[in-house]
Amino acid sequence: MSTAAERLQLPFERPNILDIAPLYEVLRRAAPVTPVTTPAGDPAWLVTRYDEVRALLGDKRLGRSHPEPERASRITTAAVQDGPTGSYETEEADHARMRRLLTPAFSAKRMRMLSDHVQELVDGYLDRLIAEHDAAPDGVVDLHAGLAFPLPVAVICRLLGVPESDRELFHSLSERMASPSADGEAHRAREEFSRYMAGLAEAKRGALGEDVISDLVRAQSTDETFDYAEMVRLCVGLLFAGHETTVNRIGLGVLFLMTRPEQWAALTADTGRVDATVEEIMRLGAPGDLGLLRYAHTDLDVGGVEIRAGDAVILSVNAANRDESAYADAETFDPDRAERTHLGFGHGAHFCIGASLARTELRIVFATLARRLPGMRLAEDADELPVRPTITGGVSELPVTW
Ligand code: HEM
């Protein structure tokens, strides 16, 4: 790898949440891979071109675990990002098991059941926001606090089988587990979460239902090696994979549409456009600047650059989805575009297992907003909105009015 002096530091500085394209454009033109330093101070390769990102996501010579775990670089110092360690074989076996255990949770039948619940939830949040709007002197409400933030965790509660009466508790435990503070708060919350999940699994034993915890209790009855620790790991994994990602796609989607009145008008006139609109939100609002972290398990050549076994490789889905060689007028938000192969849910073996659920949530959110609040607009300049300090990108406030 090249010297530290030539390396770009991640995350990239940028003036606002909607303005990252020019830098990616420069990087894609310059080279197939860019030497960077991760936020934790480690060297890595950043891949920004569509063809290479897609090919490497499907390439078995790269894995999520480091071939020598103690040498693994970290993409971030955040507590929630402690990725897998161990050999590639262990990684593959664990991964196959994870997918097998979680697959029933995302069946078409479960998605139909969840979809009615998502609609109920969205209508409930909007009823409250409309009442708040009518009572507020300036008519401004925060769509982040009132809809984007609480919805995904409420949906994950239903997916897992957490009773509605425990939703507040679950919500606060999940926030505390993701807390970046160094005082052991995240660790304590995880212990409480483990006890809570074990209690819930016990309580369900007599009356198993159509939810993840019931699925895992069923798995336990046929697989002695499966224990509560693994159950907790899988549930925490779903929470971290499915919460922030969805919160931020709702927020970015609202920003994209509010800053493009003609697109919002088209959607309010015809909510049949919602599926294509959501795909375009997923393309241009793909998860964060940091991208997906992999390690090379053998030496490999990427566009003429030699990557050595053990090197960290960051696949920038966000840059790939904005590549002019894959998308005509890539920066234009255009739900009518013909290309439909964005990498916003990843690609290959790790393709997002929750993609159908995320799509369901996003479609219901945007169709319902378009139907019920067609006159909605941002109450502040999009450039002024505070950016969330998370790796998946997004805003922490979304003041709107109508
Ligand atoms: C994997 C994006 C929602 C569960 C992924 C990956 C991406 C992604 C890019 C691939 C990661 C990689 O290759 O390293 C998103 C986005 C979402 C979303 C943008 C929201 C719009 C969800 C939801 C759930 C979920 C709602 C479940 C409740 C998972 C899991 C994986 C995953 C378990 C790991 C799959 C594997 O390693 O085989 N997601 N996701 N995601 N996602 Fe999602």
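**Ground rules.** I number residues from 1 along each chain as its sequence is written. Since the model is predicted, I take local features only at pLDDT of at least 70 and side-chain atom pairs only at pLDDT 80 or more, while totals for chains, interfaces and linings use all residues. Helices (H or I, at least four residues) and strands (E, at least two) are DSSP runs, numbered from the N terminus.

I count two strands as paired if DSSP finds at least two bridges between them. The order in this open sheet is β1-β2-β3-β9-β6-β4, with mixed pairing. β1 (8-9) and β4 (62-63) are the edge strands, each pairing on one side only. Strand β2 (residues 33-37) runs antiparallel to β3 over five bridges, and Val-33 has Val-47 as its bridge partner in β3. The two strands form a hairpin with five residues between them, and Gly-41 in the turn has a positive phi of about 95°. On to β9: strand β3 (residues 43-47) is joined to strand β9 (residues 312-315) by three bridges, in the parallel sense. Trp-45 has Val-313 as its bridge partner in β9. I note that β3 is largely enclosed by the rest of the structure, because four of its five residues are buried (20 or more other C-beta atoms within 10 Å; exposed is 12 or fewer, partly exposed in between; C-beta atoms placed from the backbone).

**Val-302.** I found this residue in strand β7 (residues 300-302). Is Val-302 buried, exposed or partly exposed? Val-302 is partly exposed, because 19 other C-beta atoms lie within 10 Å. Leaving out residues up to four places away in sequence, Val-302 touches Pro-32, Val-33, Val-47, Glu-52 and Ile-307 (contact: C-beta atoms, placed from the backbone, within 7 Å). Val-302 and Val-33 are 269 residues apart in sequence, yet 7.4 Å apart from C-alpha to C-alpha.

**Three-stranded sheet.** I read the order of this open sheet as β5-β11-β10, with antiparallel pairing. The edge strands, each pairing on one side only, are β5 (141-142) and β10 (377-378). β5 and strand β11 (residues 399-401) are joined by two bridges, and the partner of Val-141 in β11 is Val-400.

**Asp-329.** Most residues other than glycine have a negative phi. Asp-329 is not a glycine, but its phi is positive, about 45°. I place Asp-329 in the loop between α14 (317-320) and α15. Asp-329 counts as exposed because it has 9 C-beta neighbours inside 10 Å.

Terms used
Contact = placed C-beta atoms within 7 Å.
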